[in-house]
Amino acid sequence: MSFLRRRSATPAGPDFDVLAMDPGDWPGNLGAGLLPAPDGTCQGVFLRYDLFGGRGPAMIIGNLPEGSPAREVPDGEVPFEVAQLLIALENDEEVTVTDTEEMPVMQGDNLLIVRRLKLSESRISCVQFDRSDNVLVTIAAWDRPITDDLYALLKPLPAELFQQG
């Protein structure tokens with residue numbers, strides 16, 4: 001499980017591998033955001049994939065390490081990535097989690113236990129899974145179902161993508 005390891009060198013960005021889709025595999029624009037802690041450490045990374053033609057954000061993938069305050073969500077409230085997707089869409093309606101179901105999914109040779117979150121806004125699809133290095137990955141998509149095919153596209157992004165300079 002090489003993609004689930006911590007990097008030994010500390011780049012200017014996160015000190016953990018970020019699992020997402022390669023920007024070259026997405027037919028649109030990619031934006032990345034880092035969640036800094038007061039001490040300067042990275043408390044998470046989220047990637048926003050937008051479609052061409054200005055049609056707006058289609059998907060947000062978050063990677064939040066253990067201890068990140070963005071992981072602390074009260075029961076019934078939506079994950080950080082869903083909230084970011086709603087902000088990007090300028091959608092201010094209240095959305096809640098109505099149900100959760102777990103299902104096994106294979107990603108290459110790795111078995112993931114994926115939690116599908118059912119939301120009060122049916123146009124949002126959301127799934128979460130924990131990596132072996134305790135990073136929580138959340139995928140939130142607007143008006144598109146999240147199918148098992150997506151997991152095959154997830155891979156670690158190069159550290160250079162998050163370095164300042």
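Analyst: Two strands are said to pair if DSSP finds at least two bridges between them. Strands (E, at least two residues) and helices (H or I, at least four residues) are DSSP runs, numbered from the N terminus. The structure shown is a predicted model, in which local features need pLDDT of at least 70 and side-chain atom pairs count only at pLDDT 80 or more, while totals for chains, interfaces and linings use all residues. Residues are numbered from 1 along each chain as its sequence is written, and side-chain values use heavy atoms, with hydrogens and water left out.

User: What makes S4 and S8 a pair of strands?

Analyst: Strand S4 (residues 57-64) and S8 are joined by 6 bridges, and the definition requires at least two. They therefore count as paired, and they run antiparallel. Within this pair, Asn-63 stands opposite Val-137 in S8.

User: Which other strand pairs with S8, and in what sense?

Analyst: Strand S7 (residues 124-130) pairs with S8 over 7 bridges, in the antiparallel sense. Here Gln-128 has Thr-138 of S8 as its bridge partner. S7 and S8 form a hairpin with 5 residues between them, and Asn-134 in the turn has a positive phi of about 65°.

User: Why is strand S8 described as largely enclosed?

Analyst: The description rests on burial: a residue is buried under 20% relative accessible area, exposed over 50%, and partly exposed in between (1.4 Å probe, protein chains only). In S8 (residues 136-142), 7 of the 7 residues are buried, so the strand is largely enclosed by the rest of the structure. One side carries Leu-136, Thr-138, Ala-140 and Trp-142, the other Val-137, Ile-139 and Ala-141, and both faces are covered.

User: How do you know that S2 and S3 belong together?

Analyst: There are 8 bridges between S2 and S3, and the two strands run antiparallel. Leu-34 stands opposite Val-45 in S3. The two strands form a hairpin with 5 residues between them, where Gly-40 in the turn has a positive phi of about 90°.

User: How many aromatic pairs are found in the whole structure?

Analyst: The search finds 2 aromatic pairs. One of them is formed by Phe-46 and Phe-80, at 5.5 Å centre to centre and 70° between the planes. Rings of Phe, Tyr and Trp (its six-membered ring) pair if their centres lie within 6.5 Å; planes under 30 degrees apart count as stacked, over 60 as edge-to-face and the rest as tilted. Phe-46 lies in strand S3 (residues 42-51) and Phe-80 in helix H1 (residues 80-88), 34 residues apart. At a relative accessible area of 15%, Phe-46 is buried.

User: What makes Phe-129 and Tyr-151 an edge-to-face pair?

Analyst: Their centres are 6.3 Å apart, and the angle between the planes is 70°. This pair also links distant parts of the chain, with Phe-129 in strand S7 and Tyr-151 in helix H2 (residues 149-153), 22 residues apart. Both residues count as buried, Phe-129 having a relative accessible area of 1% and Tyr-151 one of 0%.

User: Which residues of H1 are buried?

Analyst: Phe-80, Glu-81, Val-82, Leu-85 and Leu-86 are the buried residues of H1. After H1 comes Glu-90, whose phi is positive, near 55°.

User: Why is the contact of Lys-118 and Glu-101 called a salt bridge?

Analyst: A salt bridge is a side-chain nitrogen of Lys or Arg within 4 Å of a carboxyl oxygen of Asp or Glu. The N to O distance for Lys-118 and Glu-101 is 3.9 Å, so the pair qualifies. Lys-118 lies in strand S6 and Glu-101 in strand S5, so parts 17 residues apart in sequence are tied together. Lys-118, at 40% relative accessibility, is partly exposed, and so is Glu-101, at 35%.

User: What does the salt bridge of Asp-148 and Arg-116 tie together?

Analyst: In this salt bridge the closest N and O atoms are 3.9 Å apart. Asp-148 lies in the loop between S8 and H2 and Arg-116 in strand S6, so the pair ties together parts that are 32 residues apart in sequence. Asp-148 is partly exposed at 41%, whereas Arg-116 counts as buried at 19%.
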